[in-house]
Amino acid sequence: MLKALVLLLALAPPCFAQDVPTERLQNPGFDRDADGDGLPDGWSTDEGRIQWHEKMFMGKDYEIISRPGAYVLATQDVDLEKGQKYTLTLKCKSDAGGLAGVLLLHGEDRPHREMPLLWNVQAAGEYEEYVTSFEAPNPVACVYIYNVARTKGTVYYDRVSLREGEPDYPIINQFSLKEIDRPLTEPLPSRHIDWASPLAGGPIKAFVTIRNFRCLRQLIELTQRIDLDYDAVETGYTGDVCNSMTGRRAMKRLQDGEYEVFIVPSRVGEAVAKSIREQVARGAGLVVVEGFGRSSTFVEGHPVGDDA
Ligand SMILES: [Ca+2]
Ligand SMILES: [Ca+2]
């Protein structure tokens with residue numbers, strides 16, 4: 001069985017569907033130390049696990065830095081409303097193989113069940129934001145911050161924020177396979193005619209949805225026939241999933257309006273559909289491969305075969 005690790009990444013500016021999202025964590029930026037113990041207030045930690053460091057002298061903006069060998073860097077208890085959606089935003093960076101991660105321990109009366117929120121995040125060398133949304137499984141919870149790699153590298157956290165509500169832009173999750181599960185070679189080419197490959201002017205930048213990564217071969221067949229520079233986004237059967245092996249790039253391209261065509265053979269969630277609608281309205285192409293009845297998700301008009 002493939003053991004996939006899902007990392008949720010985003011580069012978008014914070015923007016929430018709710019008007020005034022409420023921060024649920026104390027001292028999310030690690031900037032306050034009112035009790036003067038040299039560690040950020042509100043977080044349970046110690047000097048053996050982190051270094052508390054002012055990013056710029058007199059800047060009053062602090063970061064926490066993992067110590068070598070430290071696994072759990074800091075924790076904080078938090079009360080959640082069961083069933084409510086929340087958004088976790090990390091501003092972090094890493095070096096030398098350090099891996100960022102945040103886990104929620106939760107339960108009815110006491111926190112005891114694990115729920116990774118962002119895990120094995122191979123953060124960039126410069127500070128960037130990583131976002132995920134989730135539904136609170138239980139009311140009693142504790143947030144754990146890690147260097148998942150433990151013995152390797154360093155992780156720096158500038159901010160760990162937990163707010164009510166969801167962002168109103170699509171979050172494309174980074175889907176990563178463990179090294180042992182990754183393919184050894186490029187996909188085998190099947191017999192085909194290169195009718196649009198290579199293309200004059202270079203490959204077409206395409207955003208392609210698929211129900212499941214198991215259907216990826218169909219897309220590979222297509223890309224052997226037409227030059228596509230594509231990001232494949234797994235949507236699940238009902239559109240409640242949004243994963244990509246190039247999630248980070250897909251998020252950026254979507255935000256920057258770089259896609260020339262959207263190829264949609266699966267159901268997509270509303271945030272993705274809205275983003276596609278906006279970009280098609282600005283001139284991007286749209287190919288709905290199946291589910292013609294649902295083409296109204298993206299464009300006004302009648303389904304194929306409807307003469308009314
Ligand atoms: Ca900070
Ligand atoms: Ca303190």
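This report describes the fold, selected residues and confidence of one predicted protein chain.

## Basis of the model

The structure is a predicted model, in which local features need pLDDT of at least 70, side-chain atom pairs count only at pLDDT 80 or more, and totals for chains, interfaces and linings use all residues. Residues are numbered from 1 along each chain as its sequence is written, and chains are lettered from A and ligands numbered from 1 in the order in which they are written.

The mean pLDDT (the predictor's confidence in each residue, from 0 to 100) is 88 for the chain, and 89% of the residues reach 70 or more. Residues 1–15 have a pLDDT below 50; beyond near neighbours in sequence, this stretch has 50 contacts in the model. Two residues are in contact if their C-beta atoms, placed from the backbone, lie within 7 Å.

## Overall composition

The chain contains 3 helices and 16 strands. Helices (H or I, at least four residues) and strands (E, at least two) are DSSP runs, numbered from the N terminus. Of the 308 residues in the chain, 32% are buried. A residue is buried if 20 or more other C-beta atoms lie within 10 Å of its own, exposed if 12 or fewer, and partly exposed in between, with C-beta atoms placed from the backbone.

Among contacts in the chain with a separation of 6 or more, 72% are between residues 24 or more positions apart.

An open sheet of 4 strands has the order 4-9-6-7 and antiparallel pairing. Its edge strands, strand 4 (72–79) and strand 7 (113–121), each pair on one side only. Neighbouring strands of the sheet are turned by 15 degrees against each other on average, direction ignored; these angles run from 0 to 180 degrees between N-to-C directions, with axes taken as lines fitted to C-alpha atoms. Two strands are counted as paired if DSSP finds at least two bridges between them. Strands of a sheet pair through backbone hydrogen bonds, either parallel or antiparallel.

Strand 4 pairs with strand 9 (residues 140–147) in the antiparallel sense over 7 bridges, and Ala74 has Ile145 of strand 9 as its bridge partner. Strand 6 (residues 100–107) and strand 7 also run antiparallel and are joined by 6 bridges. A hairpin connects strand 6 to strand 7 through 5 residues, and Leu103 stands opposite Pro116 in strand 7. Val121 also belongs to strand 7; Val121 counts as buried because 26 other C-beta atoms lie within 10 Å.

## Tyr156 in strand 10

Tyr156 lies in strand 10 (residues 154–164) and is buried, since 23 other C-beta atoms lie within 10 Å. Leaving aside neighbours within four places in sequence, Tyr156 is in contact with Glu63, Ile65, Cys92, Lys93 and Ser94. The C-alpha atoms of Tyr156 and Lys91 are separated by 8.6 Å, although these residues are 65 residues apart along the chain.

## Helix 2 and its surroundings

In helix 2 (residues 247–256), the buried residues are Gly247, Arg248, Ala250, Met251 and Leu254. Seen down the helix axis, these buried residues fall within an arc of 165 degrees, so they line one face of helix 2; the arc is that of the directions from the helix axis to the C-beta atoms. An α-helix has 3.6 residues a turn, so residues three or four places apart point the same way.

The cover over the buried residues of helix 2 includes strand 11, strand 12, strand 13 (228–234), strand 14 (243–244) and helix 3 (270–281). Just after helix 2, Gly257 adopts a positive phi of about 65 degrees.

## Backbone features in loops

The loop between strand 2 (50–54) and strand 3 (62–66) contains Met58, and Lys60 lies in the loop between strand 2 and strand 3 as well. Met58 has a positive phi of about 65 degrees although it is not a glycine, and Lys60, likewise not a glycine, has a positive phi of about 60 degrees. Met58 counts as exposed, with 6 C-beta neighbours inside 10 Å; Lys60 is exposed, with 10 other C-beta atoms within 10 Å.

A cis peptide bond, with omega near 0 degrees, runs from Ser197 to Pro198. Pro198 is located in the loop between strand 11 (173–177) and strand 12 (204–210).
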